[in-house]
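Subject: Structure handover

Hello,

Here is the structure I said I would pass on. Please open it first and then read the notes below.

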Amino acid sequence: MAVVPQVLRSEWTKIRSVRSTVWTLGTAVVVTIALGVLICTLARTDFASMSAHARFAFDPTNISFAGMGLGQLAMIVFGVLVVSNEYSTGMIRASLAAVPQRATFLFCKLLVATALVLVVGLATSFATFFAGQAALGDHRADIGDPGVLRAVIGGGLYMTLIALFSMGVAAMLRSPMLSLGILMPFFFLISNILGNVSATRKIGRYLPDQAGQKIMQVVPRAVDDVPYGPWGGLGIMIAWTLAALAGGFVVLEKRDA
Amino acid sequence: MIELQGLTKHYGDKVAVDHLTCTVRPGIVTGFLGPNGAGKSTTMRMMLDLDNPTEGTVRIDGRHYRRLRNPLTSIGALLDAKAIHGGRSAYHHLLCLAQSNGIPRARVDEVLDTVGLTSVAKKRTKGFSLGMGQRLGIAAALLGDPQVLLFDEPVNGLDPEGIHWIRHLMKDLAAQGRTVFVSSHLMSEMALTADHLIVIGQGRLMADTSMAAFIRENSRSYVRMRSPEQEQLRDLLHAEGITAVAVGDGSLEVDGVPAARLGEMAARGRVVLHELSPRQASLEEAFMQLTAASVEYHAHEDRRVAVRPPGPPPAGPPVQPEGWGADWDAHRRQRKGS
């Protein structure tokens, strides 16, 4: 379709002409790296007092991604705003009058936002890895070690998928407050609680963030009974994301704008 | 040209638009008139394929909206002036719309100039007044230089100069052979701009007529008479075969007889007159009468009271317009509240 390049250009103009893009993505980058470095620094001083068991399970790659738990919240805000701002401002009516092919409209919007998030996510992931390893000193991992490059690229993919999942949810719910009100506590609290309480752990590990985070682990956990590997975990997260996007698409297609 | 064929929209049990069939022709300004909540905006949203009709179709120059290639170059619309991202500049707002339809960048500067927003083009629209927002919305409608233009309540929030400007703009666009479709809830506004009228009430088509014919058919002229000897006056007129209707405040209203003749009759019958005044019901009243009468029959019976021009309040209990009028008002308040 000839209109796709036009709509992509239009969506790129939309994304770059609002300040929230810089603010949310900038926050995600800064928080992820800064917190990662801080925790790596603390881990280095802590290492001497660790038990042999803990030392054995010490995962220098994964620990440099410690800031992502908080940084991903800014990614969620970005994903939610990209989609729901259209609805909260009423801009959606102008947008759909200009591009009545709703599938094309949504596809282009998501493609532009995802491409941007992928670049930012990968850059953040590499930056936080190298900065974190520098802070770890002698205990650092090398990018050439087995599984490390996969984990670092995976970190970028994880951030991208979290944003894309949020876009799908926002397309379903339309309201930014409602979307954030559900996604933020879910990823910040509920998922962690479900994943750490033994009764619910078996369910918790199939949640998008818990499954997706598996790809950032290089050293297996001491008690690792998770039935999927790093790519399997990412696959689960992709399945969640696709489901959210499909839901968002159905809502956009069926409902009045 | 816009063709509506049996266009219907239900929201649950509520019927917002009810089998609307009409054609909006090029070269003239067509006014789309109806009280608040009559279904005007819903109809316009369906014209743009934003809302799905329950039944019926809309065709823009013979084609369904979704089939249009670069729709902004065929049809431009101003729906809601506030429907813009406040954090984006006026220039970028128009640019993203232009790009999506392959409209060259230079056209953005052109329409900004047309609506007089060039000096604030790089400012974020958050700080825009309602009138500036309205101008930006009009700029967006003009962006693709379309042959069909839709304006939903375009004069809302504009100052007198702005209202003057938009009236001329609409007439110019129509004079260029374009189809111009303008909604309003104010008959007085339409009387100044529209050549043709489509009137709806509660989603149904009430009238599809030229402005001139509407004025001819619907404006009621009558003579108001007041006399201390009202009974004698009535008998006198009755003898001449003229029906005078007593209105609550002690005056009589007579339809279809010139004031001069009534005055002469009173003089011949030696009846003292305190008032003899020819009156013209305004178009606003004619419009309300039209929408009211066709919806609720008993409103027709109360019409004199319901559509009386403002004057001293009638003696006795105040007569409220019942049925449609009351419902309209309540409905409007409800909409405002939600």
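Does D249(B) count as buried or exposed? D249(B) counts as buried because its relative accessibility is 16%; buried means under 20% relative accessible area, exposed over 50%, and partly exposed in between (1.4 Å probe, protein chains only).

Two notes on how to read the rest. This is a predicted model, in which local features need pLDDT of at least 70 and side-chain atom pairs count only at pLDDT 80 or more, while totals for chains, interfaces and linings use all residues. Residues are numbered from 1 along each chain as its sequence is written, chains are lettered from A and ligands numbered from 1 in the order in which they are written, and side-chain values use heavy atoms, with hydrogens and water left out.

Salt bridges

Side chains of opposite charge can pair when their charged atoms come close. The structure holds 19 salt bridges over all chains (a side-chain nitrogen of Lys or Arg within 4 Å of a carboxyl oxygen of Asp or Glu).

D249(B) pairs with R224(B) in one of these, with the closest N and O atoms 3.2 Å apart. D249(B) sits in the loop between β11 (244-246) and β12 (251-255) of chain B and R224(B) in strand β10 (residues 221-226) of chain B, so the pair ties together parts 25 residues apart in sequence. Helices (H or I, at least four residues) and strands (E, at least two) are DSSP runs, numbered from the N terminus. R224(B) is also buried, at 8% relative accessibility.

E275(B) and R279(B) form another salt bridge, at 3.5 Å between the closest N and O atoms. E275(B) is buried at 17%, whereas R279(B) is partly exposed at 30%. Through shared partners, salt bridges join R224(B), R226(B), D249(B), E275(B) and R279(B) into one network.

In chain A, E11(A) forms a salt bridge with K14(A), with 3.1 Å between the closest N and O atoms. Both lie in helix α1 (residues 3-16) of chain A, 3 residues apart, about one turn of the helix, and both are buried.

The interface

Chain B gives 32 residues to the contact and chain A gives 29 residues (contact means heavy atoms within 4.5 Å). Across this interface there are 3 salt bridges. In one of them, R93(A) pairs with D80(B), the closest N and O atoms being 3.7 Å apart. On chain B, the elements giving two or more residues to the side that touches chain A are β1 (2-11) and α2 (90-100). The largest share, 7 residues, comes from α2(B).

Regards
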